[in-house]
Amino acid sequence: MNSVYSLEKSSNGLLWVGTPGGLQRFDGYGFDNWDQSADSTKKTGLSVYHIREDSRKNIWVFNTASAFVFPQGEKTYQEVPFITTIPSSDNKQYFVPLQESDNRLWCYSASGYITGFNTQTLKG
């Protein structure tokens, strides 16, 4: 782990670290790599630029290509489709994920597009 892009301390005291190589979890004793897709047919490079824990204790990660969620208690991630139509020209680099309410996480892209994710259904 040479570079750190993002840090998030979850409600249970764990430290989540976003790196070019994926998501790392530090429990106070050591690091554990969290990079397994729930869909075994997908091999996605999981560079993690932003991390956010939602009110349901799911861990959301964002990179320059996609959004992913690790449902509470699971070590595998699933890719989350977007609810808005984002032009293919958008670089999809998402910044500052913010939770508006119990069920909605909002992000904006470097190109100015805003998209929301439902934290209950785990969909865009």
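Glu 8 counts as buried, with a relative accessibility of 14% (buried is under 20% relative accessible area, exposed over 50%, partly exposed in between, with a 1.4 Å probe and protein chains only). The model here is predicted, so local features need pLDDT of at least 70 and side-chain atom pairs count only at pLDDT 80 or more, while totals for chains, interfaces and linings use all residues. Residues are numbered from 1 along each chain as its sequence is written, and side-chain values use heavy atoms, with hydrogens and water left out.

**Salt bridges**

- There are two salt bridges in the structure (a side-chain nitrogen of Lys or Arg within 4 Å of a carboxyl oxygen of Asp or Glu).
- Glu 8 pairs with Arg 52, and their closest N and O atoms sit 4.0 Å apart.
- Glu 8 belongs to strand 1 (residues 6–9) and Arg 52 to strand 6 (residues 50–53), so this pair ties together parts 44 residues apart in sequence.
- Arg 52 is partly exposed, at 25% relative accessible area.
- Lys 75 teams up with Asp 32, with 3.0 Å between the closest N and O atoms.
- Lys 75 lies in the loop between strand 8 (67–70) and strand 9 (76–80), while Asp 32 is in strand 4 (residues 31–34), so the bridge ties together parts 43 residues apart in sequence.
- Lys 75 is partly exposed at 38% relative accessibility, and Asp 32 is partly exposed too, with a relative accessible area of 26%.

**Fold and surface**

- The chain has 12 strands and zero helices (DSSP runs numbered from the N terminus: E of at least two residues for strands, H or I of at least four for helices).
- Of the 124 residues in the chain, 38% are buried.
- Take the contacts between residues at least 6 apart in sequence: 40% of them join residues at least 24 apart (contact means heavy atoms within 4.5 Å).

**Largest pocket**

- The largest pocket holds about 200 Å³ of space (a pocket is an open set of points on a 1 Å grid over the protein atoms alone, where a 1.4 Å probe fits, with protein on both sides within 12 Å along at least five of seven lines; the volume is the space filled by probe spheres set on points joined across faces, edges and corners).
- Its lining has 15 residues, with Asn 12, Trp 16, Lys 57, Gln 72 and Gly 73 nearest the centre (lining residues have an atom within 4 Å of a point).
- That lining splits into six nonpolar, five polar and four charged residues (Ala, Val, Leu, Ile, Met, Phe, Trp, Tyr, Cys and Pro are nonpolar; Asp, Glu, Lys and Arg are charged; the others, Gly among them, are polar).
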